[in-house]
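Please keep the sequence and the structure in view while you read.

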Amino acid sequence: MSLDHKRTEQPVIDAGRFVLRPLRKSDEGLIAHYVSDERVARMTTAIPHPLPPGAIEAFVARALDEEREEDVWAIDGTADGGEELKGIISLKRLDRDQSEVGYWIAPVFWNNGLASDALRALVETNPQGCNALFASAFQDNPASARVLTHCGFEYLGDAETFSVARDATVPTWTYSRKL
């Protein structure tokens, strides 16, 4: 699929104890609440800390745009009596039928397999019809690296990536998974 092609509607993906669903405008408050936590922002490349006014509204608007380059899902536990938003997982389209995975989980839900289950559901569903997925984890975030290896991603090597929240280039581990 070319990068300028109009996007199809994102599917809702059943992940067992939760669903992955497209973002909606009403998610802005919970997203802002969770990513304003420095522990979340510091483990991402693009979330600033502190959060500037309008950042979350702009993020959700990009996620809802028909011309988006990244599909973003809310990890929604309401079907099982849980929280409406526990985190975010996304697939950014790259060239040659490849995508890059990104995710964060709200700290209150850490250490319960949520990220692994969400990633596994995306891998199994392959909603963008990719041949390969790529991901990276900061080297000071071994929990994120474990999520990737538990879901069949293979280590490619070390790299560095800029983190907006840290205002620094941070050592990363990079991973891939053939589909």
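The largest pocket has a volume of about 1500 Å³. The model is a predicted one, in which local features need pLDDT of at least 70 and side-chain atom pairs count only at pLDDT 80 or more, while totals for chains, interfaces and linings use all residues. Residues are numbered from 1 along each chain as its sequence is written, and side-chain values use heavy atoms, with hydrogens and water left out.

**The largest pocket**
- Its lining is made up of 50 residues, and those nearest its centre are Met43, Thr44, Gly102, Tyr103 and Trp104.
- By type, the lining residues divide into 28 nonpolar, 14 polar (a group that includes Gly) and eight charged.

**Helix H1**
- In helix H1, which spans residues 28-35, the residues Glu28, Ile31, Tyr34 and Val35 are buried, where buried means under 20% relative accessible area and exposed over 50% (1.4 Å probe, protein chains only).
- Seen down the axis of H1, these buried residues fall within an arc of 140 degrees, so they line one face of the helix.
- The face turned away from that buried side carries Gly29 and His33, which are exposed.

**Aspartate 76**
- Aspartate 76 belongs to strand S3, residues 70-76, and is buried, with a relative accessible area of 3%.
- Its side chain makes polar contacts (N or O atoms within 3.5 Å, one able to donate a hydrogen and the other to accept it) with the side chain of arginine 21 at 2.5 Å and with that of threonine 78 at 2.7 Å.

Technical notes: Helices (H or I, at least four residues) and strands (E, at least two) are DSSP runs, numbered from the N terminus. The arc is that of the directions from the helix axis to the C-beta atoms. On a 1 Å grid over the protein atoms alone, a cavity is a set of points where a 1.4 Å probe fits but cannot get out, and a pocket is an open set with protein on both sides within 12 Å along at least five of seven lines; lining residues have an atom within 4 Å of a point. Grid points are joined across faces, edges and corners, and a volume is the space filled by probe spheres set on the points.
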